[in-house]
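Subject: Structure for your review

Dear colleague,

Please find below the structure that I am handing over to you, followed by an account of what was found in it. I would be grateful if you would read the two side by side.

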Amino acid sequence: MKFSLIRPAAMLAVAVSLASCGGGGGATYTVAGTVEGLVYPSLVLTNNGEDVTVAPPAKAGDPVTFSYSKKLEYGDTYSVSVKIDPPRRGIRQETGSSRR
């Protein structure tokens, strides 16, 4: 696919963030983020074996948030990436990964 066809297509910006910060002591963290520019359905994101299907927003151009149900403990790692691209894609992937 030519780059010129990708430009008008949906752009993906995965901004992965943790819901809270802090030290140990039994604290848990949620992996969540925002997808911008999603137009078509069927986007599936994966993190450590857990998948999340992200539906496009009701109003085109609005950001869509997502979060994973599995909580992380202090010292756990996460790595969010695109598992399944939506059809007619044109995705720019910004994968988030870290150790918490």
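Phe 66 and Tyr 68 are both buried in this predicted model. They also form the one aromatic pair that a search of the whole structure finds. The ring centres of Phe 66 and Tyr 68 are 5.9 Å apart and the ring planes stand at 90°, so the pair is edge-to-face. Planes over 60 degrees apart count as edge-to-face.

Both residues belong to the largest nonpolar core, which has 15 residues. Phe 66 and Tyr 68 are among the members that touch the most other members, together with Val 35, Leu 43, Leu 45 and Val 54. Strands β3, β4, β5, β6 (64-67) and β8 each give two or more residues to this core. The most comes from β8, with three residues.

Phe 66 also has a place in the strand pairing: it is the bridge partner, in β6, of Gly 33. Four bridges pair β3 with β6 in the antiparallel sense. Strand β3 is itself mostly covered, with four of its five residues buried.

Strand β4 has the following pairings.

- With β5 (residues 50-54), β4 runs antiparallel, and five bridges join the two strands. Leu 45 has Val 52 as its bridge partner in β5.
- With β8 (residues 77-84), β4 again runs antiparallel, and four bridges join the two strands. Thr 46 has Ser 81 as its bridge partner in β8.

The hairpin of β4 and β5 has two residues between the strands. Asn 48 lies in this loop and has a positive phi of about 50°, although it is not a glycine. With a relative accessibility of 44%, Asn 48 counts as partly exposed.

A positive phi is also found at Ser 42, a residue other than glycine, where the value is near 90°. Ser 42 lies in the loop between β3 and β4. It is partly exposed, with a relative accessible area of 38%.

The loop between β3 (31-35) and β4 also holds Glu 36. This residue counts as partly exposed, at 45% relative accessibility. Glu 36 and Pro 56 are 20 residues apart along the chain, and their C-alpha atoms are separated by 9.3 Å.

As to charged pairs, side chains of opposite charge can pair when their charged atoms come close. How many salt bridges does a search of the whole structure find? The search finds one, in which the side chains of Lys 83 and Asp 51 meet at 2.7 Å, N to O. Lys 83 lies in strand β8 and Asp 51 in strand β5, so the pair ties together parts that are 32 residues apart in sequence. Asp 51 is partly exposed, with a relative accessible area of 37%.

Finally, a word on confidence. The chain averages a pLDDT of 74, and 62% of the residues score at least 70. Where is confidence lowest, and where is it highest? The lowest is in helix α1 (residues 3-6), at a mean of 38, and the highest is in β5, at 95. Over residues 1-21 the pLDDT is below 50, and this stretch has 56 contacts in the model beyond near neighbours in sequence. Where pLDDT is low, the predicted coordinates should not be read in detail.

With kind regards

Terms used
Residues numbered from 1 in each chain as written. Predicted model: local features only at pLDDT ≥ 70, side-chain atom pairs only at ≥ 80, totals over all residues. Heavy atoms only, no water. Pairing = 2+ DSSP bridges. Phe/Tyr/Trp six-rings, centres within 6.5 Å; stacked < 30°, edge-to-face > 60°. Buried < 20%, exposed > 50% of the residue type's maximum accessible area, 1.4 Å probe, protein only. Salt bridge = Lys/Arg side-chain N within 4 Å of Asp/Glu carboxyl O. Core = buried A, V, L, I, M, F, W, Y, C linked by side-chain atoms within 4.5 Å. pLDDT = per-residue confidence, 0-100. Contact = heavy atoms within 4.5 Å.
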